[in-house]
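Please keep the model open beside the text.

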Amino acid sequence: MNETVSVIIPAYNEEERITQTLLETIKVLKSLKGMDHEIIIVDDGSTDRTCDALKKFQNEFGEIQIVSYQPNTGKGNALKRGALKASGDYILFMDADLDLHPSHIKDFLKLMKASAADAVIGSKTIEGSEVTVSFKRKFLSKGYYYLIKFLFKLPVTDTQTGFKLFKSRPLKDCIARALVEKYAFDLELLVIMNSKDCKIVESPVHISGPRLSRIRARDVFSVFWDTMAIFRRFYLNRSYA
């Protein structure tokens with residue numbers, strides 16, 4: 001019996017790109033030998049025609065499951081909803097914008113099996129990565145890395161890259177404990193997994209062209225306060241035990 005990989009794609013106002021993302025993802029998944037797949041798109045309260053584009057795609061190709069709700073709550077909540085619905089042996093988190101091509105999954109699966117890891121996460125900073133980012137984004141990313149290294153001593157260099165592969169069982173056990181709904185969700189999940197002695201390894205990623213960031217100043221403050229809340233829950237409240 002073939003193993004199954006579940007791909008979770010959170011989408012917010014992606015009507016112009018989501019069809020191409022799905023076509024590329026399906027092409028890659030069908031090339032994986034000896035593996036079945038499912039794709040779960042979580043429409044996180046889009047205000048454009050993302051949901052209509054998804055329904056049209058589903059009617060034409062029948063390859064996807066759609067989770068849709070209002071209002072927008074945040075990427076973390078979308079990933080959590082998708083993961084808890086997934087039925088695969090492996091669960092992949094992937095962004096909807098194709099900055100990171102789904103073909104990365106082949107290397108991630110290979111590394112997971114070779115290292116016996118519970119999670120393989122993309123890192124923009126380790127050797128082998130090819131990424132072009134603005135000075136502002138690089139500065140913010142570096143500062144955040146030093147902050148979380150000081151606070152949590154995680155064995156990773158990058159928690160926020162939007163391409164992560166997990167074994168289903170440890171992920172579902174840990175994700176049910178996560179409370180953050182927005183950008184710091186990735187950090188909270190990895191903190192919980194690390195506290196449960198899950199093995200987390202990093203893999204290089206390749207991003208072609210400069211990245212167009214959607215992160216605004218208020219998002220930076222939101223991430224900071226959520227990070228402090230994770231610190232309080234982890235060290236003071238012992239909420240993840």
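H6 passes H7 in a right-handed crossing; a crossing is called right-handed if the near helix is turned clockwise from the far one by less than a right angle, and left-handed if anticlockwise. The names of helices (H or I, at least four residues) and strands (E, at least two) stand for DSSP runs, numbered from the N terminus. This is a predicted model, in which local features need pLDDT of at least 70 and side-chain atom pairs count only at pLDDT 80 or more, while totals for chains, interfaces and linings use all residues. Residues are numbered from 1 along each chain as its sequence is written, and side-chain values use heavy atoms, with hydrogens and water left out.

**Helix against helix**

Two packed helices are described by the angle between their axes and the distance between the axes. Axes here are lines fitted to C-alpha atoms, for helices over the stretch in contact, and angles run from 0 to 180 degrees between N-to-C directions. The table sets out the helix pairs.

| Helix pair | Angle | Axis distance |
|---|---|---|
| H6 and H7 | roughly 110 degrees | within 9 Å |
| H3 and H6 | about 130 degrees | 10 Å |
| H1 and H2 | roughly 35 degrees | within 10 Å |

At roughly 110 degrees, H6 and H7 are therefore roughly perpendicular to each other. The cut-offs behind such words are under 35 degrees for roughly parallel, over 145 for roughly antiparallel, 65 to 115 for roughly perpendicular, and oblique for the rest. In this pair, Pro170, Leu171, Cys174 and Ile175 of H6 meet Phe185, Leu189, Ile192 and Met193 of H7, where contact means heavy atoms within 4.5 Å. By class, those residues are eight nonpolar, no polar and no charged. Ala, Val, Leu, Ile, Met, Phe, Trp, Tyr, Cys and Pro count as nonpolar, Asp, Glu, Lys and Arg as charged, and the others, Gly among them, as polar.

Helix H6 (residues 168-175) also packs with helix H3 (residues 75-85). H3 and H6 are therefore oblique to each other, and H3 passes H6 in a left-handed crossing. On the H3 side the contact uses Leu79, Lys80, Ala83 and Leu84, and on the H6 side Leu171, Lys172 and Ile175. That contact has five nonpolar, no polar and two charged residues.

Which residues bring H1 and H2 into contact? H1 contributes Ile18, Thr19, Leu22, Leu23 and Ile26, and H2 contributes Ala53, Leu54, Phe57 and Phe61. H1 passes H2 in a right-handed crossing. Eight residues of this contact are nonpolar, one is polar and none is charged.

**The sheet**

Strands of a sheet pair through backbone hydrogen bonds, either parallel or antiparallel. Here seven strands form an open sheet with mixed pairing, in the order E3-E2-E1-E4-E7-E5-E8; two strands pair if DSSP finds at least two bridges between them. At the edges are strand E3 (64-69) and strand E8 (200-204), each pairing on one side only. From one strand to the next, the twist averages 20 degrees.

Strand E2 (residues 35-44) and E3 run parallel and are joined by six bridges, and Ile39 has Ile64 in E3 as its bridge partner. With helix H2 (residues 50-61), E2 and E3 make a right-handed β-α-β unit: with the strands pointing away from the viewer, the path from the first strand over the helix to the second runs clockwise.

Strand E4 (residues 90-94) pairs with strand E7 (residues 163-167) in the antiparallel sense over five bridges, and Ile91 has Phe166 in E7 as its bridge partner. Helix H7 (residues 185-195) lies across E4, strand E5 (119-123), E7 and E8, and runs at about 30 degrees to E7.

**Two backbone details**

Gln70 and Pro71 are joined by a cis peptide bond, with omega of about -5 degrees. Pro71 lies in the loop between E3 and H3. Asp197, in the loop between H7 and E8, has a positive phi of about 65 degrees although it is not a glycine.
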